[in-house]
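Open the model in your viewer and keep the selection panel at hand. The stops below are given in the order in which to select them.

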Amino acid sequence: MPNPDDDVIALAALLRAARRVVVFTGAGISTESGIPDFRSPGGIWTKMMPVEFRDYIRDPEARRVSWERRFEMEDTWNAVRPNDGHRAVAELVAMGKVSHVITQNIDALHQASGVPEEQVIELHGNTRYAKCLDCGVRMEISDIRAHFHSHGAAPDCLDCGGIVKTATISFGQPMPEDEMTRAEAATLACDLMLVLGSSLAVYPAAGFPLLARKMGAGLAIVNREETPQDDYADLVVNAEIGPTVRAVIDAL
Ligand code: NAD
Ligand code: ZN
(Lines give C-alpha, C1' and ligand atoms only; values in the text may rest on other atoms or scores of the structure.)
(Ligands and ions follow the chains in the order given, each with its own letter.)
Protein backbone atom coordinates (compact mmCIF):
# COMPACT_ATOMS: atom_id res chain seq x y z
CA MET A 1 0.00 0.00 0.00
CA PRO A 2 1.37 3.44 -0.90
CA ASN A 3 1.58 5.99 1.90
CA PRO A 4 -1.52 8.26 1.60
CA ASP A 5 0.71 11.29 2.04
CA ASP A 6 2.64 10.28 -1.06
CA ASP A 7 -0.63 10.24 -2.99
CA VAL A 8 -1.48 13.74 -1.77
CA ILE A 9 1.97 15.02 -2.76
CA ALA A 10 1.74 13.36 -6.18
CA LEU A 11 -1.74 14.77 -6.87
CA ALA A 12 -0.69 18.24 -5.71
CA ALA A 13 2.28 18.05 -8.09
CA LEU A 14 0.04 17.13 -11.04
CA LEU A 15 -2.29 20.03 -10.22
CA ARG A 16 0.58 22.47 -9.81
CA ALA A 17 2.01 21.52 -13.20
CA ALA A 18 -1.37 21.71 -14.95
CA ARG A 19 -2.61 24.94 -16.49
CA ARG A 20 -6.19 24.01 -17.27
CA VAL A 21 -7.87 21.24 -15.31
CA VAL A 22 -11.28 19.69 -15.83
CA VAL A 23 -12.81 17.95 -12.82
CA PHE A 24 -15.11 15.03 -13.66
CA THR A 25 -17.36 13.93 -10.80
CA GLY A 26 -19.70 11.05 -10.07
CA ALA A 27 -21.97 9.98 -7.25
CA GLY A 28 -18.92 9.28 -5.05
CA ILE A 29 -18.25 12.97 -4.41
CA SER A 30 -21.70 13.32 -2.83
CA THR A 31 -21.73 10.27 -0.53
CA GLU A 32 -20.01 12.35 2.17
CA SER A 33 -23.06 14.65 1.97
CA GLY A 34 -25.28 11.67 2.75
CA ILE A 35 -26.48 10.86 -0.78
CA PRO A 36 -25.98 7.17 -1.51
CA ASP A 37 -24.07 6.33 -4.68
CA PHE A 38 -25.34 3.86 -7.23
CA ARG A 39 -23.59 0.92 -5.66
CA SER A 40 -24.10 1.52 -1.95
CA PRO A 41 -25.90 -1.38 -0.29
CA GLY A 42 -29.35 -0.21 0.77
CA GLY A 43 -29.13 2.95 -1.32
CA ILE A 44 -32.42 3.93 -2.87
CA TRP A 45 -31.13 3.39 -6.38
CA THR A 46 -30.38 -0.23 -5.54
CA LYS A 47 -33.79 -0.91 -4.00
CA MET A 48 -35.90 0.13 -6.97
CA MET A 49 -35.69 -0.48 -10.66
CA PRO A 50 -35.21 2.87 -12.36
CA VAL A 51 -38.05 3.94 -14.64
CA GLU A 52 -36.84 3.78 -18.23
CA PHE A 53 -37.44 6.81 -20.43
CA ARG A 54 -39.53 4.79 -22.90
CA ASP A 55 -41.91 3.71 -20.13
CA TYR A 56 -42.11 7.24 -18.74
CA ILE A 57 -43.30 8.48 -22.13
CA ARG A 58 -45.73 5.64 -22.80
CA ASP A 59 -47.18 4.82 -19.42
CA PRO A 60 -49.01 7.20 -17.04
CA GLU A 61 -48.50 4.66 -14.24
CA ALA A 62 -44.72 4.80 -14.72
CA ARG A 63 -44.93 8.58 -14.51
CA ARG A 64 -46.97 8.34 -11.31
CA VAL A 65 -44.45 5.95 -9.71
CA SER A 66 -41.61 8.15 -10.84
CA TRP A 67 -43.13 11.31 -9.32
CA GLU A 68 -43.99 9.57 -6.06
CA ARG A 69 -40.37 8.49 -5.71
CA ARG A 70 -39.22 12.00 -6.49
CA PHE A 71 -41.53 13.56 -3.89
CA GLU A 72 -40.31 11.03 -1.29
CA MET A 73 -36.79 12.33 -1.92
CA GLU A 74 -37.73 16.00 -1.57
CA ASP A 75 -36.77 16.30 2.11
CA THR A 76 -33.42 14.63 1.39
CA TRP A 77 -32.65 16.91 -1.54
CA ASN A 78 -33.57 19.97 0.53
CA ALA A 79 -31.41 18.89 3.47
CA VAL A 80 -28.17 17.91 1.70
CA ARG A 81 -25.25 20.32 1.73
CA PRO A 82 -21.91 20.38 -0.09
CA ASN A 83 -19.05 18.57 1.68
CA ASP A 84 -15.27 19.10 1.78
CA GLY A 85 -14.91 17.51 -1.66
CA HIS A 86 -17.32 19.97 -3.30
CA ARG A 87 -15.72 22.86 -1.41
CA ALA A 88 -12.21 21.89 -2.49
CA VAL A 89 -13.34 21.71 -6.12
CA ALA A 90 -14.96 25.15 -5.77
CA GLU A 91 -11.65 26.49 -4.43
CA LEU A 92 -9.78 25.09 -7.42
CA VAL A 93 -12.29 26.79 -9.71
CA ALA A 94 -11.96 30.08 -7.83
CA MET A 95 -8.14 29.84 -8.12
CA GLY A 96 -8.54 29.63 -11.90
CA LYS A 97 -6.98 26.16 -11.93
CA VAL A 98 -10.14 24.35 -12.98
CA SER A 99 -12.01 25.54 -16.07
CA HIS A 100 -15.06 23.28 -15.77
CA VAL A 101 -16.67 20.68 -13.59
CA ILE A 102 -18.28 17.94 -15.66
CA THR A 103 -20.65 16.05 -13.39
CA GLN A 104 -22.86 13.00 -13.65
CA ASN A 105 -24.63 14.10 -10.49
CA ILE A 106 -28.14 15.46 -10.44
CA ASP A 107 -27.88 17.03 -6.98
CA ALA A 108 -26.61 20.52 -7.96
CA LEU A 109 -24.14 20.48 -5.03
CA HIS A 110 -21.32 21.90 -7.16
CA GLN A 111 -23.36 25.05 -7.76
CA ALA A 112 -24.35 25.08 -4.07
CA SER A 113 -20.66 25.03 -3.14
CA GLY A 114 -20.03 28.15 -5.21
CA VAL A 115 -18.95 26.92 -8.63
CA PRO A 116 -20.47 29.39 -11.12
CA GLU A 117 -23.37 27.91 -13.10
CA GLU A 118 -21.56 28.38 -16.43
CA GLN A 119 -18.61 26.29 -15.24
CA VAL A 120 -20.72 23.28 -14.24
CA ILE A 121 -21.72 20.83 -16.99
CA GLU A 122 -24.51 18.51 -15.85
CA LEU A 123 -24.40 15.48 -18.14
CA HIS A 124 -27.33 13.77 -16.43
CA GLY A 125 -29.36 16.83 -15.65
CA ASN A 126 -30.66 18.22 -12.37
CA THR A 127 -33.33 16.83 -10.07
CA ARG A 128 -34.19 20.13 -8.42
CA TYR A 129 -36.59 21.28 -11.10
CA ALA A 130 -38.67 19.85 -13.94
CA LYS A 131 -38.92 20.48 -17.64
CA CYS A 132 -41.42 19.94 -20.44
CA LEU A 133 -40.02 17.21 -22.69
CA ASP A 134 -41.44 18.97 -25.78
CA CYS A 135 -40.80 22.70 -25.36
CA GLY A 136 -38.25 22.61 -22.54
CA VAL A 137 -40.02 25.15 -20.32
CA ARG A 138 -38.96 24.95 -16.68
CA MET A 139 -41.44 24.02 -13.95
CA GLU A 140 -40.97 23.91 -10.19
CA ILE A 141 -41.20 20.64 -8.26
CA SER A 142 -43.38 22.26 -5.55
CA ASP A 143 -46.00 23.29 -8.14
CA ILE A 144 -46.01 19.82 -9.66
CA ARG A 145 -46.34 18.28 -6.22
CA ALA A 146 -49.38 20.42 -5.36
CA HIS A 147 -51.07 19.45 -8.65
CA PHE A 148 -50.16 15.80 -8.11
CA HIS A 149 -51.79 15.81 -4.69
CA SER A 150 -55.04 17.31 -5.92
CA HIS A 151 -55.25 15.45 -9.26
CA GLY A 152 -53.29 12.22 -8.71
CA ALA A 153 -50.95 13.00 -11.58
CA ALA A 154 -48.40 15.59 -12.59
CA PRO A 155 -49.72 18.39 -14.80
CA ASP A 156 -48.98 18.53 -18.52
CA CYS A 157 -47.02 21.52 -19.77
CA LEU A 158 -49.06 24.71 -19.44
CA ASP A 159 -47.54 26.11 -22.63
CA CYS A 160 -47.70 23.18 -25.04
CA GLY A 161 -49.42 20.25 -23.33
CA GLY A 162 -46.24 18.16 -23.43
CA ILE A 163 -45.19 15.60 -20.81
CA VAL A 164 -43.35 17.07 -17.84
CA LYS A 165 -40.40 15.26 -16.22
CA THR A 166 -37.69 16.10 -13.69
CA ALA A 167 -34.79 17.76 -15.49
CA THR A 168 -32.70 14.58 -15.16
CA ILE A 169 -31.59 12.19 -17.89
CA SER A 170 -33.19 8.78 -17.40
CA PHE A 171 -31.96 5.44 -18.68
CA GLY A 172 -32.78 5.34 -22.37
CA GLN A 173 -33.18 9.11 -22.67
CA PRO A 174 -31.02 10.92 -25.22
CA MET A 175 -28.05 12.81 -23.74
CA PRO A 176 -28.46 16.62 -23.61
CA GLU A 177 -26.80 17.96 -26.77
CA ASP A 178 -25.66 21.29 -25.41
CA GLU A 179 -24.01 19.73 -22.35
CA MET A 180 -22.31 17.04 -24.44
CA THR A 181 -20.91 19.71 -26.76
CA ARG A 182 -19.68 21.84 -23.85
CA ALA A 183 -18.17 18.79 -22.10
CA GLU A 184 -16.31 17.83 -25.26
CA ALA A 185 -14.95 21.33 -25.76
CA ALA A 186 -13.83 21.56 -22.12
CA THR A 187 -12.18 18.14 -22.36
CA LEU A 188 -10.32 18.98 -25.55
CA ALA A 189 -9.00 22.18 -23.96
CA CYS A 190 -7.75 20.68 -20.69
CA ASP A 191 -4.26 19.43 -19.87
CA LEU A 192 -5.36 17.41 -16.83
CA MET A 193 -8.60 15.61 -16.04
CA LEU A 194 -9.25 14.88 -12.39
CA VAL A 195 -11.89 12.21 -11.79
CA LEU A 196 -13.52 12.28 -8.33
CA GLY A 197 -15.88 9.50 -7.27
CA SER A 198 -17.01 7.80 -10.41
CA SER A 199 -17.03 4.10 -11.18
CA LEU A 200 -16.43 5.19 -14.81
CA ALA A 201 -18.90 2.54 -15.86
CA VAL A 202 -21.70 4.73 -17.25
CA TYR A 203 -21.32 5.77 -20.91
CA PRO A 204 -21.20 8.11 -22.75
CA ALA A 205 -20.18 10.13 -19.64
CA ALA A 206 -17.20 7.88 -18.89
CA GLY A 207 -15.89 8.59 -22.38
CA PHE A 208 -14.66 12.06 -21.38
CA PRO A 209 -11.70 10.96 -19.22
CA LEU A 210 -10.71 8.57 -22.03
CA LEU A 211 -11.00 11.37 -24.57
CA ALA A 212 -8.81 13.63 -22.42
CA ARG A 213 -6.20 10.88 -22.20
CA LYS A 214 -6.33 10.19 -25.92
CA MET A 215 -5.73 13.88 -26.67
CA GLY A 216 -2.64 13.89 -24.49
CA ALA A 217 -3.96 15.36 -21.25
CA GLY A 218 -3.01 13.86 -17.90
CA LEU A 219 -5.52 11.74 -15.99
CA ALA A 220 -5.81 11.42 -12.22
CA ILE A 221 -8.50 9.38 -10.45
CA VAL A 222 -9.56 9.59 -6.80
CA ASN A 223 -11.97 6.78 -5.97
CA ARG A 224 -12.48 4.34 -3.11
CA GLU A 225 -12.31 1.34 -5.40
CA GLU A 226 -10.67 0.55 -8.69
CA THR A 227 -12.14 1.67 -12.01
CA PRO A 228 -11.85 0.28 -15.54
CA GLN A 229 -9.74 3.33 -16.51
CA ASP A 230 -7.08 2.98 -13.80
CA ASP A 231 -4.61 1.56 -16.32
CA TYR A 232 -4.80 4.76 -18.39
CA ALA A 233 -4.29 7.09 -15.44
CA ASP A 234 -1.08 8.86 -14.45
CA LEU A 235 -2.20 8.62 -10.83
CA VAL A 236 -4.86 6.58 -9.03
CA VAL A 237 -5.64 7.38 -5.41
CA ASN A 238 -7.88 4.88 -3.62
CA ALA A 239 -9.08 7.04 -0.74
CA GLU A 240 -11.99 9.13 0.55
CA ILE A 241 -12.51 12.18 -1.63
CA GLY A 242 -13.20 14.91 0.96
CA PRO A 243 -10.10 14.48 3.17
CA THR A 244 -7.91 13.72 0.15
CA VAL A 245 -8.70 16.78 -1.96
CA ARG A 246 -8.73 18.98 1.16
CA ALA A 247 -5.18 17.83 1.92
CA VAL A 248 -4.16 18.30 -1.71
CA ILE A 249 -5.32 21.93 -1.71
CA ASP A 250 -3.49 22.57 1.54
CA ALA A 251 -0.35 21.12 -0.10
CA LEU A 252 -0.58 23.32 -3.22
P1 NAD B 1 -21.26 5.09 -9.16
O2 NAD B 1 -22.18 4.86 -8.02
O3 NAD B 1 -21.29 4.15 -10.29
O4 NAD B 1 -19.76 5.16 -8.63
C5 NAD B 1 -19.41 5.94 -7.53
C6 NAD B 1 -17.98 5.59 -7.19
O7 NAD B 1 -17.57 6.44 -6.13
C8 NAD B 1 -17.82 4.15 -6.71
O9 NAD B 1 -16.80 3.53 -7.45
C10 NAD B 1 -17.46 4.29 -5.21
O11 NAD B 1 -16.51 3.35 -4.79
C12 NAD B 1 -16.87 5.67 -5.16
N13 NAD B 1 -17.09 6.39 -3.89
C14 NAD B 1 -18.24 6.53 -3.20
N15 NAD B 1 -18.07 7.35 -2.15
C16 NAD B 1 -16.76 7.72 -2.15
C17 NAD B 1 -15.96 8.56 -1.32
N18 NAD B 1 -16.49 9.21 -0.27
N19 NAD B 1 -14.65 8.69 -1.61
C20 NAD B 1 -14.10 8.04 -2.68
N21 NAD B 1 -14.81 7.27 -3.51
C22 NAD B 1 -16.12 7.11 -3.26
O23 NAD B 1 -21.50 6.58 -9.61
P24 NAD B 1 -21.37 7.26 -11.03
O25 NAD B 1 -20.09 6.86 -11.66
O26 NAD B 1 -21.67 8.68 -10.82
O27 NAD B 1 -22.57 6.61 -11.84
C28 NAD B 1 -23.85 6.43 -11.26
C29 NAD B 1 -25.01 7.11 -11.99
O30 NAD B 1 -26.06 7.39 -11.06
C31 NAD B 1 -24.62 8.45 -12.56
O32 NAD B 1 -25.10 8.45 -13.85
C33 NAD B 1 -25.35 9.50 -11.72
O34 NAD B 1 -26.05 10.36 -12.60
C35 NAD B 1 -26.41 8.77 -10.93
N36 NAD B 1 -26.42 9.11 -9.46
C37 NAD B 1 -26.32 10.42 -9.04
C38 NAD B 1 -26.28 10.73 -7.68
C39 NAD B 1 -26.14 12.17 -7.23
O40 NAD B 1 -26.56 13.07 -7.94
N41 NAD B 1 -25.55 12.45 -6.06
C42 NAD B 1 -26.33 9.70 -6.74
C43 NAD B 1 -26.44 8.36 -7.21
C44 NAD B 1 -26.47 8.09 -8.58
ZN1 ZN C 1 -44.10 22.39 -23.19
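Select Leu200 first: at 2% relative accessibility this residue counts as buried, buried meaning under 20% relative accessible area, exposed over 50% and partly exposed in between, with a 1.4 Å probe and protein chains only. Leu200 sits in the loop between S7 and H10; helices (H or I, at least four residues) and strands (E, at least two) are DSSP runs, numbered from the N terminus. Its phi is positive, about 50°, although Leu200 is not a glycine. Most residues other than glycine have a negative phi, and most peptide bonds are trans.

This is a predicted model, in which local features need pLDDT of at least 70 and side-chain atom pairs count only at pLDDT 80 or more, while totals for chains, interfaces and linings use all residues. Residues are numbered from 1 along each chain as its sequence is written, chains are lettered from A and ligands numbered from 1 in the order in which they are written, and side-chain values use heavy atoms, with hydrogens and water left out.

Stay in that loop and select Pro204, which lies between S7 and helix H10 (207-214). The peptide bond from Tyr203 to Pro204 is cis, with omega near 10°.

Next, go to Ala108, in the loop between S2 and helix H7 (109-112). Ala108 has a positive phi, near 60°, and is not a glycine. Its relative accessible area is 12%, so Ala108 is buried.

From there select Thr103, in strand S2. Thr103 is buried as well, at 2% relative accessible area. A polar atom of its side chain lies 2.9 Å from the backbone nitrogen of Asn105.

Now show the largest nonpolar core, which has 28 residues, Leu194 and Leu196 having the most contacts inside it. Such a core is a set of buried Ala, Val, Leu, Ile, Met, Phe, Trp, Tyr and Cys residues joined through side-chain atoms within 4.5 Å. The elements that each supply at least two residues of this core include helix H1 (4-17), strand S7 (192-196) and helix H11 (241-251). H6 gives the most, with five residues. Centre on Leu196: its contacts, not counting residues up to four places away in sequence, include Val23, Ile29, Val89, Val222 and Val245. A second, separate core of 20 residues includes Val22, Cys190, Met193 and Ala233.

Follow H6 itself. At its start, a side-chain oxygen of Asn83 reaches to within 2.7 Å of the backbone nitrogen of Gly85. The buried residues of H6 include His86, Val89 and Leu92. After H6 comes Gly96, with a positive phi near 85°.

Then select helix H4 (residues 60-72). Ala62, Arg63, Trp67, Arg70 and Phe71 are the buried residues of H4. They cover an arc of only 165° around the axis (taken from the directions from the helix axis to the C-beta atoms), which puts them on the same side of H4. Their cover includes helix H3 (53-58) and helix H8 (141-151).

Finally, colour by domain: domain 1 is 1-35 + 82-124 + 174-252 and domain 2 is 36-79 + 127-168, with bounds from an automatic or database domain assignment. Their C-alpha centres lie 28 Å apart.

Notes. Contact = heavy atoms within 4.5 Å. Polar contact = N/O pair within 3.5 Å; in protein donor to acceptor, adjacent residues only side chain to side chain.
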